[in-house]
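Hi there,

Here is the structure I promised to pass on. Have a look at it first, and my notes follow below.

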Amino acid sequence: MSLKSFDKFCERLILAEQGSEKEIFDERQNVIRSRLAIEALLVYVGLTIVNSMVTELFYQWAESLMTVTLLFAVICLLWWEIRCAFKGCMLAVSGRYAQKISAIMAIFIGALNGLRYVFDIGEEDYFVTDGKLSGDFVFALCFLLMIGCGIFMLCVMRHEEKRNESEGEK
């Protein structure tokens, strides 16, 4: 659905039943969030294809393709969160509690899984093994980025809450 047809749909909805503005705002945010998700998925697919071609044809720069694919997924998640935050569509009017819980779970899961890999830093061949990035290092990087995604989401939520409080006072 394009934004123009969506606007017409919203106008008809308002005229027909005098719908609430929150529902319309939520739907507009969903449309923008979906477009940004498709953009992030296309970036992920592109990175994965280029990485597969490079590792098969030229040089395998990491021990495992799976670890690199996971790293690309977390980077694209962070990309999606940043784009949604700048577009102002990350937080829906309804469902903020669920979004806060998912951000806390991202931090918790990233911390629990990352602890296993962070404690191995002192070992020999932790960063590079046989001229390739080690799997432990890439996994640790993924889980640290996952913690960063959760913290970024909580910061955006807090900023939005403060902005809503200041608008409510005016």
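In which helix does threonine 55 lie? Threonine 55 is part of helix H2; helices here are DSSP runs of H or I with at least four residues, strands are runs of E with at least two, and both are numbered from the N terminus. At 12% relative accessibility, threonine 55 counts as buried (buried is under 20% relative accessible area, exposed over 50%, partly exposed in between, with a 1.4 Å probe and protein chains only). Leaving out residues up to four places away in sequence, threonine 55 touches Gln60, Trp61 and Leu65, where contact means heavy atoms within 4.5 Å.

Before you go further, please keep in mind that this is a predicted model, in which local features need pLDDT of at least 70 and side-chain atom pairs count only at pLDDT 80 or more, while totals for chains, interfaces and linings use all residues. Residues are numbered from 1 along each chain as its sequence is written, and side-chain values use heavy atoms, with hydrogens and water left out.

The overall layout: the protein chain has five helices and two strands, in the order α-α-α-α-β-β-α along the sequence. Of its 170 residues, 28% are buried.

Now for the inside. The largest nonpolar core has 11 residues, including Trp80, Cys84, Ala103 and Met157. A nonpolar core is a set of buried Ala, Val, Leu, Ile, Met, Phe, Trp, Tyr and Cys residues joined through side-chain atoms within 4.5 Å. Helices H2 (21–57), H3 (65–87) and H5 (135–169) each give two or more residues to this core, and H5 provides the largest share, three residues. Apart from it lies another core of five residues, among them Tyr117 and Phe143. As for methionine 157, its contacts beyond four places in sequence are Leu91, Gln99, Lys100 and Ala103.

H4 covers residues 96–118 and spans 32 Å from first C-alpha to last, close to the expected 33 Å (1.5 Å times one less than its number of residues). Its buried residues are Gln99, Ala103, Ala106, Gly110, Gly114 and Tyr117. Isoleucine 109, also in H4, is partly exposed at 34% relative accessibility. Isoleucine 109 belongs to a nonpolar surface patch that also includes Tyr97, Phe108 and Phe119, with about 940 Å² of accessible area together. Such a patch joins nonpolar side chains (Val, Leu, Ile, Met, Phe, Trp, Tyr) within 5 Å, like charges being joined within 9 Å, and uses residues with over 30% relative accessible area and no salt bridge. Areas come from the Shrake-Rupley method with a 1.4 Å probe, and for residues only the protein chains shown count as cover.

On to the charges. There are five salt bridges, each a side-chain nitrogen of Lys or Arg within 4 Å of a carboxyl oxygen of Asp or Glu. In one of them, glutamate 39 pairs with arginine 83, with the closest N and O atoms 3.0 Å apart. Glutamate 39 sits in H2 and arginine 83 in H3, so this pair ties together parts 44 residues apart in sequence. Aspartate 136 and arginine 116 form another, at 3.9 Å from N to O; the former lies in H5 and the latter in H4, so parts 20 residues apart are tied together.

Aspartate 130 is exposed, at 73% relative accessibility.

Best wishes
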